[in-house]
Amino acid sequence: MGFFDKLKEGLTKTRTNITNGLDTLFGDYSQVDDDFFENLEEILIMADVGMKATDAIISKMKERVREEHIKEPDKVKEALIETISEQIKPCDDAYDFADQKAVVLVVGVNGVGKTTSIGKLAMGLKEHGKRVVLAAADTFRAGAIEQLKVWADRSGSDFVAQEEGSDPAAVVYEAIDIYNSRNADILICDTAGRLHNKKNLMEELSKINRILERKLPDVRKEVFLVLDATTGQNAISQVREFVSVCRPTGIILTKMDGSAKGGIVIAISSEFDIPVKYIGVGEHPEDLQKFDPKEFMRAIFYADKD
Amino acid sequence: MAFESLTERFQNIFNNLRGKAKLDAEDVHTAMKEVKLALLEADVNFKVVKDFVKETKAKAIGAEVFESLSPGQTVIRIVRDELIHLMGDTAAELELKPQNQVTVIMMAGLQGAGKTTTAAKLGGIYKSKGRRVLLAACDVYRPAAIDQLKTNGEKLGVEVFSMGTGISPVEIAKSAYDKAVSDKYSILIIDTAGRLHIDENMMQELKDIKAAVNVDYTLLTVDAMTGQDAVTVAEEFSEKVGVDGLIVTKLDGDTKGGAALSIRAVTGKPIYFAGMGEKLTDLQVFYPDRMASRIIGMGDILSLIEKAEETVDLEKQKKVTEHLRKSQFTYDDFLTQMEQMKKMGGISGILSMLPGMKGFDADQIDQSQFTRIESMILSMTREERANPKLMSPSRKRRIAAGSGTDIADVNRMVKQFEQMQKFMKQMNGMKKHGNLNSLFGRNLFRGKGLF
């Protein structure tokens with residue numbers, strides 16, 4: 001089942017006041033006028049796209065409407081979905097790491113779902129026939145190590161951990177040795193939920209990054225930044241801070257199975273060159289899915305046809 | 001780039017408007033457009049913003065311009081007052097039953113909101129107030145959630161009741177309640193699993209727990225970084241489970257936390273606590289006035305002052321204050337001040353709470369500077385420490401040699417001392433008045449007033 005179907009299923013379970021609002025946007029408007037754009041603005045803001053990006057999108061669309069003499073609201077919608085999908089789509093080699101020797105560092109602030117995403121990723125890679133090592137480098141949060149251990153057992157991955165409070169870089173160091181000695185394919189490192197404005201914790205992250213660069217120079221490196229779809233404008237400063245220490249190569253957008261739209265990734269894509277690679281739509285292992293920008297956009301404008 | 005604060009925006013718009021006695025519709029309209037933007041950028045819900053702007057506009061048009069304030073400043077004061085009002089005016093406190101009865105608190109919220117950590121922190125707060133607290137581990141779904149609660153409980157010396165993951169949360173809650181009653185605990189805090197508001201089965205589970213034990217407070221825990229969806233979440237939890245109050249978490253750093261305003265507005269329930277940091281002691285009482293200031297970008301001066309008062313050694317501080325009154329802030333005072341700043345979370349901790357400092361990366365300040373300055377002051381003679389005016393080039397050279405630094409370092413330190421001298425005087429002035437009014441029109445930072 002695709003993510004959009006899953007989302008629809010989720011939405012039918014509950015009151016769909018917002019959804020209804022979206023449905024009527026293109027139903028009620030017979031022409032493209034100021035009211036139409038005002039409503040479009042509201043939809044984008046309610047989806048957490050943010051003021052700045054919303055303004056940019058609206059003026060771009062107004063321009064297109066003028067230049068191409070677009071008269072039907074539905075066409076504006078299609079053009080908009082087209083343009084933004086293009087802007088946020090992952091690059092062609094986004095998923096190549098899964099078929100190579102690779103190390104994946106997973107970062108993000110507290111509570112976005114890093115450990116769970118790693119678990120799901122490990123399950124997927126195992127199914128894909130890969131040998132996976134999980135490194136419990138979140139030595140800060142109570143219970144984080146145990147939580148990752150459960151996922152290691154479930155997925156049949158090798159597991160490296162030291163005690164709570166130990167040096168995360170040391171955990172990674174040890175994990176690299178095990179990764180090498182067992183000739184594993186993918187090493188995935190969990191990290192603490194560093195609130196992006198705490199400098200010491202960010203430094204810890206650069207240290208891990210340096211060790212990876214030094215000890216595994218020829219192995220492909222991915223840094224996945226996990227973002228919570230329910231997060232608002234603060235996600236932008238999260239991205240900015242992580243960019244400054246570890247150059248994320250992809251975003252995992254979690255909790256897309258709720259009613260949040262995750263529109264903040266649109267704002268992020270206009271400012272940073274980091275594609276969304278995966279989305280999390282539930283608690284089950286198969287609920288981590290490749291990001292489909294068109295489905296994502298359709299969900300923002302949720303309309304039943306298509 | 002941090003968001004431009006409302007204060008700064010207003011400065012630009014209203015520079016030319018002076019000397020009006022009443023706010024006219026046009027002023028208000030222009031100002032409220034900016035307010036709307038600021039609120040949306042702070043993640044206040046779109047619908048809440050719309051209503052708020054409409055009502056506040058009505059109140060502001062025709063209002064008299066406050067003495068010594070510009071029209072723009074007057075609007076922002078009205079906005080601030082309205083925001084405070086919307087968030088419940090004063091700090092709310094949970095009403096606990098007498099010691100010999102059990103008050104039951106149930107945590108609820110989405111995944112990752114910080115329930116488990118907050119449950120333990122809450123336990124710690126009440127324990128320190130002399131209550132006997134029992135934490136019940138009812139999250140049987142997320143791997144290691146029970147371990148997390150146990151570890152945090154242990155750190156705070158709060159007992160945790162758990163029955164593993166093989167038993168239903170409702171049964172665990174019941175047994176925990178029985179234990180709380182028979183062992184004479186006075187507070188039972190039930191930690192529950194994070195759940196989606198649209199997951200009917202999981203929402204039913206919370207209702208079942210409520211039906212099985214007599215829950216006094218169901219506290220919805222909301223991540224302060226939540227965007228527009230916060231309203232939907234809060235509405236659904238209220239409707240399906242019933243919510244008695246709110247806790248906002250992760251309200252630290254540059255998080256504006258507009259979600260707090262939104263959920264307060266739609267549920268009408270008080271926000272009892274705010275989680276301000278990672279440490280277990282960082283759960284604090286929620287003050288609507290400070291939150292209002294934060295959302296519209298005035299920083300959190302009041303929090304800073306309060307934190308200073310808590311951590312500061314009062315005897316030593318008295319001396320410093322005494323010196324300040326006589327305008328003779330000395331190097332000894334400087335040293336005392338530095339020690340106390342360290343206790344308050346270092347310079348970055350303090351700066352993050354000040355307005356006008358949002359764009360300023362506090363982490364650029366090297367914490368080891370503290371140590372260096374300390375060693376320089378300790379290399380001074382007693383006379384030099386007591387009388388800053390004695391400082392001369394030859395003395396500086398000696399201090400540099402004595403502290404293993406060079407003359408440039410000493411010069412920098414002297415400059416910092418002088419800045420501190422100024423800063424302390426202003427802090428002192430604020431504390432005396434005890435509110436932000438004393439800041440109106442003052443040139444505290446960057447040579448501009450706060451409004």
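How many disulfides are there over all chains? The count comes to 0. Here are some notes to go with this predicted model.

1. **Confidence in chain B.** Please keep the pLDDT in view when you work with this chain. Its mean is 81 for chain B, and 76% of the residues reach 70 or more. Residues 358–363 of chain B stay under 50, and the model gives them 11 contacts beyond four places in sequence. Residues 431–451 of chain B are also below 50 in pLDDT, and that stretch has 46 contacts beyond near neighbours in sequence.

2. **Overall make-up of chain B.** You will find 19 helices and 8 strands in chain B. Of its 451 residues, 55% count as buried. The chain exposes about 19300 Å², with 49% of that supplied by carbon and sulfur atoms. Taking contacts in chain B between residues at least 6 apart in sequence, 74% join residues at least 24 apart.

3. A:Phe97 is buried, with a relative accessible area of 0%, and A:Phe224 is buried at 0% relative accessibility. Ring pairs also link A:Phe97 and A:Phe224 with A:Tyr95 and A:Tyr278 into a cluster.

4. **An aromatic pair in chain B.** B:Tyr217 and B:Tyr272 form an edge-to-face pair, 5.9 Å centre to centre with 75° between the planes. This pair links distant parts of the chain, 55 residues apart, with B:Tyr217 in strand 5 (residues 217–223) of chain B and B:Tyr272 in strand 7 (residues 271–275) of chain B. The relative accessible area of B:Tyr217 is 12%, and under 20% means buried, so this residue is classed that way. B:Tyr272 is likewise buried, at 7%.

5. **Charges over rings.** Two cases in chain A are worth a look on screen. A:Lys62 lies over the face of A:Phe37, at 5.4 Å from the ring centre. A:Arg154 lies over the face of A:Trp151, at 4.5 Å from the ring centre.

6. **Positive phi angles.** Most residues other than glycine have a negative phi. B:Asp89 is not a glycine, yet its phi is positive, at about 65°. B:Asp89 is found in the loop between helix 4 (71–86) and strand 1 (103–109) of chain B, and is partly exposed with a relative accessible area of 39%. B:Lys250, also not a glycine, has a positive phi of about 60°. B:Lys250 lies in the loop between strand 6 (245–249) and helix 10 (258–267) of chain B. Is B:Lys250 buried or exposed? At 10% relative accessibility, B:Lys250 counts as buried.

Methods. Residues are numbered from 1 along each chain as its sequence is written. Chains are lettered from A and ligands numbered from 1 in the order in which they are written. This is a predicted model: local features need pLDDT of at least 70, side-chain atom pairs count only at pLDDT 80 or more; totals for chains, interfaces and linings use all residues. Side-chain values use heavy atoms; hydrogens and water are left out. pLDDT is the predictor's confidence in each residue, from 0 to 100. Contact means heavy atoms within 4.5 Å. A disulfide is a pair of cysteine sulfur atoms within 2.5 Å. Buried means under 20% relative accessible area, exposed over 50%, partly exposed in between (1.4 Å probe, protein chains only). Rings of Phe, Tyr and Trp (its six-membered ring) pair if their centres lie within 6.5 Å; planes under 30 degrees apart count as stacked, over 60 as edge-to-face and the rest as tilted. Helices (H or I, at least four residues) and strands (E, at least two) are DSSP runs, numbered from the N terminus. A charge sits over a ring if NZ of Lys or CZ of Arg is within 6 Å of the ring centre and within 35 degrees of the ring normal. Accessible areas come from the Shrake-Rupley method with a 1.4 Å probe; for residues, only the protein chains shown count as cover.
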